[in-house]
Structure formats: structure tokens, C-alpha cells
Amino acid sequence: MATQVFKLPESLRENTRYSFCPGCDHGVAVRLVAEVLDELGIRENTILAASIGCSVTIYDFLNIDAIEAPHGRAMAEATGVKRARPDKFVFTYQGDGDFASIGLAESLNAALRGENISAICINNTTYGMTGGQLGPTTLVGQVTTTSPTGRNIEYYGYPIKIAEHIALCDGTAFSARVSLDTVANIKKAKQAIKKAFEVQIKGLGLGFVEILSTCPTNWKMTPDEAHERVRNEMMKTFVPGIYKDVTAD
Amino acid sequence: MATECITNKKVLTKGNYAIAQAAVLAGCECYFGYPITPQSEIGEFMSGKMQELNRGYVSAESELAAINMVIGACSTGAKAMTSSSSCAVSLMQEGLSYATSDQLPVVLVSVMRGGPGLGNIYPSQGDYFQATKGGGNGDYKLIVLAPSTVQECVDLTYKAFYLAHKYRNPTVLLADGLLGQMMEPVEFKEYPYPEIDNSGWALTGAKGRSGRVIRSYAPLAEDQCVFLEKLYQKYKTIEENETEWEEIGTEDADIILVSFGSTSRNVKTAVKMCREKGIKAGILRPITLYPFPNNRLKELACIAKKFIVVEVNMGQMVNDVRLAVNGKVPVELIHKPVGAPPAPEEILDKIEELI
Amino acid sequence: MNHIVIDNSKCKACYLCIKECPKNLIKISSQTNNLGNRTVEFVDPNHECLGCALCATRCPDLAITEVYRG
């Protein structure tokens with residue numbers, strides 16, 4: 001008798017086909033979110049605040065209720081949803097530009113208030129949907145369409161370390177940075193997402209996961225080369241790890 | 001500070017508190033806001049009352065956040081509101097545009113102050129355009145209600161929640177610093193409108209059905225065309241059913257004065273003074289600024305010889321009156337850039353000059 | 001018999017699964033799919049598949065839909 005060891009999560013919409021570029025890690029991240037919703041059995045009680053950028057399309061793939069927030073405002077909209085319906089499971093899925101540039105005020109203040117919500121932030125060091133411009137997480141030296149000679153700190157300043165900032169907020173219950181560059185790291189990422197969801201269910205405050213992700217199209221790399229870049233360049237500035245966990249001993 | 005919501009008896013109340021108490025009585029489940037004079041009492045009142053009633057309240061980090069928190073709450077079908085003024089309402093324009101596209105029952109109380117820019121905290125009607133034409137992107141309308149007394153602040157707050165939910169469209173209560181800060185006797189009756197069923201669209205978690213998405217992203221032009229046609233059908237229904245105004249002495253008037261909000265109070269007195277002097281004047285006061293009483297103004301243009309718009313700004317509503325009258329009779333303007341409305345005597349003098 | 005199921009219509013030819021397979025059982029196919037991509041195929045004549053699901057976990061496009069052991 002054959003045992004099924006892998007199946008597509010039930011929280012995905014039927015016959016879901018992603019619109020992401022080939023090799024984009026968004027696809028893995030969305031699947032992990034769906035798997036965690038399945039495992040926690042909360043799909044039917046969940047409301048998502050979607051964002052702007054490649055991340056917006058998540059509501060086409062997940063079979064859950066969702067409101068689409070303007071650019072940067074997902075944490076504010078999630079706050080509104082949760083305050084109106086505290087019994088619902090509420091989370092955001094945002095890119096780094098959305099979460100940490102245009103939406104930094106909303107993100108940090110939600111963390112400071114200890115909003116009982118969860119947030120997933122995809123960090124791919126660029127604005128993907130608009131064609132690869134410099135973003136808040138663009139690495140020093142990185143060439144983008146708006147840093148044609150590379151990000152130099154005199155001109156552009158420094159990238160933001162999101163997970164560390166969120167961990168500093170007293171209302172944060174869990175903050176971690178994970179990566180999707182290897183299968184082992186994908187498994188760790190899933191555990192972090194689960195933890196970020198569980199702290200909300202327990203009413204402990206904000207659960208946050210920053211996911212290091214690839215943008216092969218705008219990085220002009222093969223999907224494999226892109227994962228190499230995550231390992232060799234991104235992880236030096238954005239060190240994976242758990243930066244805050246109020247449930248830890 | 002008044003913290004009790006009293007019903008069915010006259011009490012002396014400040015406009016801002018009247019609005020806040022009416023919102024609570026209308027069943028407002030969540031308030032999100034950021035302080036700005038001259039409306040801060042609304043947030044102050046709500047901070048205590050909403051906690052006491054175990055409803056939602058957040059001192060938002062900005063007006064951007066506040067309007068989006070309202071959107072989030074409204075997406076679940078909840079009655080939710082924010083309040084703000086002028087330069088800070090500017091920050092909410094993006095959210096209002098999204099909320100019209102999302103078809104969400106957002107309620108915004110906009111207590112006008114002087115502008116442009118930071119301006120000052122004196123009363124003004126300088127945000128007529130901001131409310132009725134919008135500063136957000138794309139084709140949309142906000143329902144706009146303009147109270148002229150503190151009692152109307154109560155009655156129209158009730159109505160704002162009702163219309164917002166009935167039509168699933170953001171609705172603005174457009175008051176000004178004068179109304180917000182003045183005290184008058186008011187009666188708080190029970191919320192007079194039926195509750196609107198939102199089970200067909202509100203986000204509740206996809207239990208026993210597929211996931212609902214409240215979105216404005218329409219990547220295909222044809223989808224956007226279909227949506228906008230549908231949205232404007234709704235606006236047509238609102239125009240046909242919800243246009244509200246008050247008229248005094250218009251039936252035989254040669255001169256029709258048009259004025260809204262707190263300014264209209266002095267205009268009413270000026271009309272009375274005109275009649276005493278034998279000038280056949282009347283007043284039309286739009287209560288809904290959108291939908292605007294275009295058809296009635298058009299009818300009156302067949303009777304009257306002249307229209308005079310009185311407003312505290314550089315002349316905003318006068319443009320809509322001119323469009324409604326469409327060149328049939330002259331439309332003049334009596335205005336003051338900012339501050340308390342012109343006194344009845346001043347209005348009378350100017351009317352006499354203009355005729 | 002351990003095996004995987006591929007929905008070729010979803011494959012975007014990123015080939016991440018090929019590198020992931022410890023037994024080199026996933027190859028570039030000679031076929032192109034509806035998206036115009038040269039997709040992959042699972043070739044396991046000697047029944048070497050471990051049923052480890054590394055390929056499915058890696059696949060960013062939900063194209064590896066099922067993995068079985070036994």
C-alpha cells in the first residue's frame with residue numbers, strides 16, 4: 001500500500017497556477033503558508049490582508065477570505081480586521097518594499113501595539129513587479145535599475161534589517177528570518193511561519209517572519225544562481241535566525 | 001467630558017461630542033483616528049467609550065493608518081469610522097479611493113478648518129471640493145452629508161452609517177470647526193434605520209464557501225470597464241433616491257440663495273431680512289452635497305431671476321450651482337475666504353449690491 | 001513503488017527539481033507544454049526513487065503534485 005508523503009495543501013484554490021516568474025521563491029512561500037493553514041486547521045477562520053507588488057497575487061492562490069490593502073498599509077488593515085473581529089485569524093503577506101519602506105510606520109507601530117496578528121515579509125532585495133528598482137533591503141553594492149552603479153552608502157544609505165527591528169518592539173511575540181535557498185531551509189521556514197501563526201492563536205502578540213527570497217528575473221540569474229546569491233551575499237547582511245520568541249524557555 | 005449617551009431628552013452638547021455619541025448609538029464597532037484640531041474631541045470621547053463598551057479603538061500612528069484600519073474593519077461588515085480635518089483628510093484620499101473601489105461602508109467625519117496646507121483652525125468650507133470631487137485617483141464618488149446644526153450632526157451621523165452600509169460606499173459627514181466646537185441643545189434618539197444585511201460580501205473566514213477577495217486590482221481593462229459601469233449605476237440610484245435639501249421661501253422667489261452647513265444659518269436670517277425689506281428671496285440648502293440637488297436647482301432656475309451662492313471659501317459650491325443652472329440665470333457668489341460665516345447684515349448688504 | 005506525479009502544465013522549466021533529486025531521476029523532457037516550456041519528466045526504470053519529496057518541496061510552481069512511498 002503506497003503512502004502519500006507529499007500532496008498540495010487544501011488551503012490552495014482548486015487548480016491553482018501561480019503567475020510568478022520561473023524559479024521565483026514566492027511560490028514556495030505561498031505553498032508553505034497554505035500548508036501551515038492546513039496543519040493548524042484555521043483556513044475557514046482566516047482573513048488575509050494582501051499587499052501591493054508580486055505578493056498581491058496570493059489571494060488568487062489561497063482559498064481564504066482576503067482584503068487587498070494599498071501599498072504599505074496591510075498591517076493597518078490587518079489591525080482593523082482584528083480589532084473588529086478578534087476571533088478571526090488575521091495575517092499579512094507583503095514584500096520588503098511594502099512592509100519596510102512605504103509601510104514601515106504601519107509595520108513598526110503594529111508591532112509596538114502588540115497587535116495580535118501575523119505578518120510574512122518576502123525580502124528579495126528589490127522591487128520585483130515594477131522591474132527591479134532599489135528597495136529598502138537592496139544590498140550595499142547591488143546593481144538595480146535605480147542604482148545603476150550599485151548601492152553605495154554615501155548616496156543611498158543602508159539596507160534595513162527587518163527581523164531585528166521588529167524583534168526590538170515590545171509587542172512582538174516572535175520574529176525570525178528564514179531562507180528558501182535549500183530544502184532544509186524551506187523546512188525551517190515552515191516551522192517559523194507556523195510559530196508566527198501560533199503566537200497569534202495563543203494571543204501573545206505579533207508573529208513575524210522575514211523570508212529571504214529570490215527574484216531571478218530582476219537579478220538576471222538562473223534560479224540556481226539566485227539561490228547561490230541568497231547564500232553567499234544576502235545571508236551576510238541578513239543573517240537567518242530567531243530574533244525574538246517569547247515562548248522560548 | 002460627556003461620556004454618557006443620553007437618548008430622548010434635550011441636552012446641551014458640543015458638536016464634536018454629539019457626532020461621537022451619535023456614532024456610538026448608531027452601533028459603531030470600531031473607531032480609528034489621529035488627533036487634529038478642531039475635531040480632537042471625537043477621538044477623545046471614543047477612546048473612553050469604545051473601551052468601556054468593549055468595542056474597537058486604536059490611536060493610529062497616522063491618518064494613512066487610520067483610514068486603512070477603518071477599511072480593514074469595514075471589510076468584515078463592521079460599522080467603523082474615523083474623523084479628521086482638512087490637511088489630514090488629504091492623507092486619507094488614497095484609502096477613500098480604494099474604499100470606493102472595494103465598495104466598503106467607510107464613515108469619515110471631516111471637520112473642516114482653514115487651508116490650503118496647514119492653514120489654521122478657524123471654521124472654513126474650503127474642503128467642499130475635497131469631499132465632493134475627491135483627491136484620490138480614478139472615477140468615484142463619496143456620499144457627502146452637510147449638517148448645519150448640532151442636532152443635524154447627530155441625525156446625519158446616523159444617516160451616514162445607514163447610507164454607507166446601504167450602498168456600500170464611503171460616506172463623509174462634512175462639518176466645520178464652528179459646528180464641531182459650538183454647543184446647542186440636542187436630542188439623542190435611538191438609531192432610526194434598519195440594519196443592513198452584509199452576509200453576501202463581508203469577510204468572515206471562508207467557512208463552507210470559497211474564499212472571498214475584496215480587491216481593487218483589475219489587471220484587464222475590460223474588467224475595469226464592467227466594474228465602473230456597475231459602480232456608476234449605483235451612483236445613479238443614489239442620486240435618484242438620496243438627494244436631500246431644505247428650501248425656505250423659494251416658491252415665489254426672485255433671488256435664490258444657495259448655502260450649506262453652518263454658513264446657511266446666517267443666510268436663512270438674511271433671507272428673512274430680505275423679505276422684511278420686500279426683496280423676494282428664498283434659500284435652498286443642500287443637505288447632501290453628493291448627491292447634489294441638481295434637478296431642483298434646474299427647476300428653480302425657471303422661476304427665479306438670480307442665484308446667489310454664499311460659502312466660506314474662495315467659491316467652490318458655486319461651480320456646481322452654475323453647472324446645475326446651466327446658464328439659465330446668473331449665479332453670483334458671496335464669500336469669505338475663512339473664519340466665521342459672514343453676518344446676516346453683511347449678507348443682506350451684498351445681496352442688495354448684487355440686485 | 002516510490003514515485004512522484006508531475007503536472008506538466010504547471011512547469012515553468014526552472015529545473016530546480018533536477019538538481020534536488022539525489023538519484024538524478026528527473027530529466028529535461030523533449031516535450032513542451034502549453035506555456036511553451038520544455039518541461040521535466042520522471043524517469044525511474046530501476047525503481048530508485050526514495051520518495052524523499054525533496055523535488056516537490058523545492059518546486060516553486062506546484063508542478064510536482066504528489067509523492068508516494070511504497
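This is a predicted model: local features need pLDDT of at least 70, side-chain atom pairs count only at pLDDT 80 or more; totals for chains, interfaces and linings use all residues.
**Exercise 1.** How many Å separate the centres of domain 1 of chain B and domain 2 of chain B, taken over C-alpha atoms?

*Solution.* Residues are numbered from 1 along each chain as its sequence is written, and chains are lettered from A and ligands numbered from 1 in the order in which they are written.

Step 1: Find the bounds. Chain B is assigned domain 1 (10-191 + 230-240) and domain 2 (246-354); such bounds come from an automatic or database domain assignment.

Step 2: Take the centres over C-alpha atoms; they lie 26 Å apart.

**Exercise 2.** Describe the side of domain 1 of chain B that touches domain 2 of chain B.

*Solution.* Step 1: Count contacts (two residues whose C-beta atoms, placed from the backbone, lie within 7 Å). Here 25 residues of domain 1 of chain B meet 21 residues of domain 2 of chain B.

Step 1: Assign them to helices (DSSP runs of H or I, at least four residues) and strands (E, at least two), numbered from the N terminus. On the domain 1 side, at least two residues each come from α6 (128-132), β6 (143-145), β7 (171-176), α8 (177-181) and α9 (221-242) of chain B. The largest share, four residues, belongs to α6(B).

Step 2: Sort by class: Ala, Val, Leu, Ile, Met, Phe, Trp, Tyr, Cys and Pro are nonpolar, Asp, Glu, Lys and Arg charged, and the others, Gly among them, polar. This side of domain 1 of chain B has 15 nonpolar, seven polar and three charged residues.

**Exercise 3.** Work out how α1(B) and α2(B) pack.

*Solution.* Helix α1 (residues 15-25) and helix α2 (residues 40-52) of chain B have axes 8 Å apart, at an angle of about 40°.

Step 1: Name the arrangement. Under 35 degrees is roughly parallel, over 145 roughly antiparallel, 65 to 115 roughly perpendicular and the rest oblique; α1(B) and α2(B) are therefore oblique to each other.

Step 2: List the residues. B:N16, B:Y17, B:I19, B:A20 and B:V24 of α1(B) meet B:E41, B:I42, B:F45, B:M46 and B:K49 of α2(B). By class, the contact has seven nonpolar, one polar and two charged residues.

**Exercise 4.** Which strands stand at the edges of the open sheet of chain B, and which helices pack on the sheet?

*Solution.* Step 1: Read the order. The five strands run β10-β12-β11-β14-β15 (chain B), with mixed pairing; two strands pair if DSSP finds at least two bridges between them.

Step 1: Find the edges. β10 (245-248) and β15 (331-335) of chain B each have a single partner strand, so one side of each has no neighbour in the sheet. From one strand to the next, the twist averages 20°.

Step 2: Inspect one pair. Strand β14 (residues 306-311) of chain B joins β15(B) in the parallel sense over five bridges, with B:V331 as the bridge partner of B:F307.

Step 3: Helix α12 (residues 317-325) of chain B lies across β11, β14 and β15 of chain B, at about 160° to β14(B).

Notes. Axes are lines fitted to C-alpha atoms, for helices over the stretch in contact, and angles run from 0 to 180 degrees between N-to-C directions.
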